[in-house]
Amino acid sequence: MNKFITTLKNIWSIEELRTRILNTLLFITVYRIGSYIVLPGIDPARLPKGQGNGLLDLINTFSGGAFQNASIFALGIMPYISASIAIQLLTIALPYFQKMQKDGESGRRKLNQITRVLTIFVTTAQAIAYTQSQIPAEALMIERSWFTIYSTIILISGTIFCMWMGERITDKGIGNGISLLIMIGIVARFPVALLQEAGSRGTGGALIFVVELVALYFVVMGAVLITQATRRIPVQYAKQVVGNKVVGGQRQYIPLKLNAAGVMPIIFAQALMFVPGLVAGYFAEKSDTAQSIAQAFNSYDHWQYNVLFGFLIIIFTYFYTAISVNPQQIADDMKRSGGFIPGIKPGFETSEYIGQILDRITLPGAIMLALVAVMPSIARLFGISQGFAQFFGGTSLLILVGVVLDTLQQIESYLLMRRYEGLMKSGRVQGRTTESVSTI
């Protein structure tokens with residue numbers, strides 16, 4: 001306890017770190033206040049209060065309930081993330097975007113500008129769909145056409161403002177601002193879910209509630225292991241004579257992450273899971289089989305839903321790992337810098353060796369990721385409420401763990417830079433050095 005208090009004092013004594021933390025808290029406060037400001041022309045008492053499933057529930061979780069509240073931040077930062085994903089895929093598929101990605105800082109600025117413009121178009125489409133499908137007629141106090149027009153403008157402005165706050169948190173605050181806003185939206189729902197779960201158990205279920213908390217602790221630790229696990233490949237660098245000095249000769253490591261794809265496979269799979277239920281719904285009136293399929297794939301509690309969900313996650317994990325980690329580029333970079341893997345020839349054989357290791361570690365990583373994704377459904381089987389079960393796995397838990405590790409790493413770097421003791425007695429806090437939630 002004394003070390004914890006001393007660490008807090010050290011954090012507060014660093015002026016730059018203190019200013020960044022206060023700026024971050026200010027932006028987070030503004031973001032949370034905006035999540036409760038309802039769009040004009042809506043009667044909040046008539047909005048549906050039920051909790052949905054699938055992709056819409058995921059968006060509501062990321063926005064901290066703003067999506068369900070029909071607030072000015074209802075779409076939150078999700079359109080920007082969708083645009084970022086699209087641009088990231090284009091940098092792999094199209095030479096024009098590949099060239100910009102390799103142009104350094106100027107290329108990065110161009111890609112960011114294109115992402116912002118694409119965000120406006122994505123937000124416009126999502127805002128129109130949101131006002132038409134998610135706002136019931138009985139909740140409107142004005143004519144729907146006018147409501148759609150000005151609400152679309154407000155939602156676009158809200159998303160741009162959230163994007164601006166995320167960038168300001170990155171520049172003036174601490175950590176990745178976009179990721180931090182998503183994490184805050186997820187954390188905002190945790191106290192309510194915790195109190196509801198405790199209330200549902202009553203006085204006689206105190207022991208069961210404690211067991212649930214212990215299980216949640218181990219699930220979180222498992223998510224940390226999945227996020228942090230790496231396979232290190234040793235790399236030896238040849239000695240070179242530069243002037244009168246001999247440089248190089250040291251051994252380093254290439255850290256290949258067990259889960260190099262991050263949360264992307266879950267997001268891709270979640271986005272596709274509505275397709276089977278939608279297709280089966282068209283034939284539900286004509287076929288009992290189609291009706292049962294529609295019911296199974298409209299709720300994540302069914303085993304059919306989870307089997308397909310887990311299978312898609314494994315497939316997308318291999319796909320996204322293949323497009324995000326390029327063994328040939330790693331081998332070429334090593335060759336140019338005079339590095340080699342002991343016992344492996346530089347060039348093609350090095351690329352093959354790295355690719356083989358990547359294939360071997362991706363399978364257990366994909367299976368573990370699929371297991372984490374279906375953990376909320378497993379928790380539901382043990383009688384845990386839907387709101388609390390979401391924190392037992394899925395995208396929410398992985399983002400939460402990853403962003404917390406990033407933030408702790410940022411704080412620890414400031415402490416070590418000022419020659420203070422780190423956050424841990426032994427070892428270092430390791431963040432996600434190869435991926436970021438902001439580019440999911």
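**Close-up views of a predicted model**

Val279 lies in helix H13, and the views that follow, taken from a predicted model, begin with this residue and its surroundings.

**View A. A nonpolar surface patch to which helix H13 contributes the largest share of residues.** The patch covers about 690 Å² and is made by Leu272, Phe274, Val275, Leu278, Val279, Tyr282 and Phe283. Helix H13, which spans residues 274–282, supplies 5 residues of this patch. Val279, one of the residues that make the patch, counts as partly exposed because its relative accessibility is 44%, a value that lies between the 20% limit for buried residues and the 50% limit for exposed ones.

**View B. The open sheet, with its strands in the order E4-E1-E5.** The sheet is formed by 3 strands, and their pairing is antiparallel. Strand E4 (251–257) and strand E5 (339–340) stand at the edges and have a single partner strand each, so one side of each is left without a neighbour in the sheet. Strand E1, which comprises residues 230–237, pairs with E4 in the antiparallel sense over 7 bridges; within this pairing, Arg232 stands opposite Pro255 of E4, while Pro234 has Tyr253 of E4 as its bridge partner. E1 and E5 also run antiparallel and are joined by 2 bridges, and here the bridge partner of Tyr237 is Gly339 in E5.

**View C. Helix H5, residues 78–93, and its buried residues.** The helix has 16 residues and reaches 23 Å from its first C-alpha to its last, which is close to the 22 Å expected at 1.5 Å a residue. The buried residues of H5 are Met78, Pro79, Tyr80, Ile81, Ala83, Ser84, Ile85, Ile87 and Thr91.

**View D. Thr362 and the backbone oxygen of Leu358.** Thr362 lies in helix H17, which runs over residues 348–381. With a relative accessibility of 5%, Thr362 counts as buried, since buried means under 20% relative accessible area. A polar atom of the Thr362 side chain lies 2.5 Å from the backbone oxygen of Leu358.

View E. Side chains of opposite charge can pair when their charged atoms come close, and the structure holds 7 salt bridges. Glu16 counts as partly exposed because its relative accessibility is 35%.

**View F. A salt-bridge network that joins Glu105, Arg108 and Arg109.** In helix H7, which covers residues 105–133, Arg109 and Glu105 are 4 residues apart, about one turn of the helix. Their side chains meet in a salt bridge with an N to O distance of 3.9 Å. Salt bridges that share partners bring Arg108 into one network with Glu105 and Arg109. Glu105 counts as partly exposed because its relative accessibility is 42%.

Technical notes: Residues numbered from 1 in each chain as written. Predicted model: local features only at pLDDT ≥ 70, side-chain atom pairs only at ≥ 80, totals over all residues. Heavy atoms only, no water. Pairing = 2+ DSSP bridges. Patch = residues over 30% accessible without salt bridge, like charges linked within 9 Å, V, L, I, M, F, W, Y side chains within 5 Å. Areas by Shrake-Rupley, 256 points an atom, 1.4 Å probe, with all protein chains shown as cover. Salt bridge = Lys/Arg side-chain N within 4 Å of Asp/Glu carboxyl O. Buried < 20%, exposed > 50% of the residue type's maximum accessible area, 1.4 Å probe, protein only. Expected span 1.5 Å × (residues − 1). Polar contact = N/O pair within 3.5 Å; in protein donor to acceptor, adjacent residues only side chain to side chain.
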